[in-house]
Amino acid sequence: MEMSRIWQWLNILVCVLLFVKAEGSGFVPITILEDAESKGAVCLDGSPPAYHFDKGSGEGVNSWIVHLEGGGWCNDVTDCLSRKDTRLGSSKQMDSQVGFYGILNNEQDYNPDFYNWNRIKIRYCDGSSFTGEVEEVDPTNNLHFRGARIFEAVIKDLLAKGMENAENAILSGCSAGGLAAILNCDRFKSMIPSGARVKCVPDAGYFIDAQDVSGTKYIENYYNKVVETHGSAKYLPESCISKYGAGLCFFPQYVVQDIDTPIFVVNAAYDSWQIRNILIPGAADPHGSWQNCRDDISNCTPDQLDAVQGFREEFIKALSGVEKSPSKGMFIDSCYIHCQTEMQESWFKTDAPQLANTVCIFYFLISNF
């Protein structure tokens, strides 16, 4: 009986290893940027920032993808303290290596255009989509709000490691990292050599300013507090702030027209995170009448599905600043999903969903430099 169990576990292990070998680029070790501490570029807990770097080769040696990790935000001291001692607030809690898949994969069969580029994943530990800038540190909580400095410190380190010779550069990111790719897009372009071709590709980062099911704007209030807590206004476009105020300029729909660098938005119109947290946040459903729908969209009533459809329509309207710009593009699908470029299944596979007989159409669009 014991021997049978051992063989079962061995078979499972072999299958897992074969899957990783077939679809992943292996594990990429972490780089802790110790020098950043002296510049005040630190995580919430004061530890140095970190990233993972898989070097390019061949024709891709002067092409770069910098991908920003996601993980939500923290909007006040209590909220930030709750993540201070996790991987989202401290490099001390981060895994020493991570797998690269999807847009970061180094296998040609699974990432044909970008497999041999320099591929970087910047870890997320500031809670502000890399926009925070507060000099003072309260000794009672020792929280550091320095996301903007983290972004600058890591990019400068990458420039010294070869990105100063970049011919092509993409700033991408998922979720809060996707929002960061929008908010830091022009800043990224300004740091890259002037002759390089630069684009920003936010994935599931186009969060919209919409009412929740109770008729209030929970997410607008939340973002206002994020910007205030982290001092983010300094790194949001003044042209946007003068029209809408700093809090609203954390929303892509208000700020995207003020960004000069080409942007290609990848998002689901039925973004699962946004439906659960912007349309149906827990605070908007005190009696739990939306709980089943929130947990599983297939359990929504017809009236609840109408509300979900209404959210989709609001999302499409919020894309007008992208649609009307000749330097911006988008791939918006109707999947109930959040983040697509990081996952192999939704990035590029032989059995992936197709549009016009083409696998992952947005993959080819953004690769057209």
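Contact here means heavy atoms within 4.5 Å. The legends below describe a predicted model.

**Figure 1. Overview of the protein chain.** The predicted chain has 369 residues, and 54% of them count as buried. Its secondary structure consists of 14 helices and 11 strands. Among contacts with a separation of 6 or more, 74% are between residues 24 or more positions apart. The chain exposes about 16,400 Å², and carbon and sulfur atoms supply 51% of that area.

**Figure 2. Ile155 and the largest nonpolar core.** This core has 80 residues. Which of its residues touch the most other members? They are Trp73, Ile155, Met163, Phe188 and Tyr206. Helix α3, residues 147-160, supplies the largest share of this core, with 7 residues. When neighbours within four places in sequence are left aside, Ile155 is in contact with Val66, Ile122, Met163, Phe188 and Met191. In soluble globular proteins, nonpolar side chains tend to be buried together.

Figure 3. Strand β3, residues 63-68, runs parallel to β6 and is joined to it by 6 bridges. In this pairing, Ser63 stands opposite Asn168 of β6. Strand β7, residues 197-203, also runs parallel to β6, and 7 bridges join the two. Here Ser172 has Val201 of β7 as its bridge partner.

**Figure 4. Leu33 in a loop.** Leu33 lies in the loop between β1 (27-32) and β2 (50-54). Is Leu33 buried or exposed? With a relative accessible area of 9%, Leu33 is buried, because the cut-off for buried is under 20%. Apart from residues up to four places away in sequence, Leu33 touches Pro48, Pro49, Ala153, Val154 and Asp157. Leu33 and Ser47 are separated by 14 residues in sequence, and their C-alpha atoms are 9.5 Å apart in space.

**Figure 5. The disulfide of Cys74 and Cys80.** A disulfide is a covalent bond between the sulfur atoms of two cysteines. The sulfur atoms of Cys74 and Cys80 are 2.1 Å apart and form such a link. What is the torsion about the S-S bond of Cys74 and Cys80? The torsion is about 90°, so this disulfide is right-handed. Cys74 has a relative accessible area of 0% and is buried. Cys80 also counts as buried, at 0% relative accessibility.

**Figure 6. The disulfide of Cys240 and Cys249.** In this disulfide the sulfur atoms of Cys240 and Cys249 are 2.0 Å apart. The value about the S-S bond is -105°, and the link is left-handed. Both Cys240 and Cys249 are buried.

**Figure 7. The disulfide of Cys293 and Cys300.** Cys293 and Cys300 form a disulfide, with 1.9 Å between their sulfur atoms. The torsion about their S-S bond is about 75°, so the link is right-handed. Cys293 counts as buried at 3% relative accessibility, and Cys300 counts as buried at 11%.

**Figure 8. Disulfides across the whole structure.** How many disulfides does a search of the whole structure find? The search finds 6. With bonded cysteines counted along the chain, their pattern is 1-4, 2-3, 5-12, 6-7, 8-9, 10-11. The view also includes Cys335, which counts as partly exposed at 37% relative accessibility.

Conventions: Residues numbered from 1 in each chain as written. Predicted model: local features only at pLDDT ≥ 70, side-chain atom pairs only at ≥ 80, totals over all residues. Heavy atoms only, no water. Disulfide = S-S within 2.5 Å. Buried < 20%, exposed > 50% of the residue type's maximum accessible area, 1.4 Å probe, protein only. Helix = DSSP H or I, 4+ residues; strand = E, 2+ residues; numbered from the N terminus. Areas by Shrake-Rupley, 256 points an atom, 1.4 Å probe, with all protein chains shown as cover. Core = buried A, V, L, I, M, F, W, Y, C linked by side-chain atoms within 4.5 Å. Pairing = 2+ DSSP bridges.
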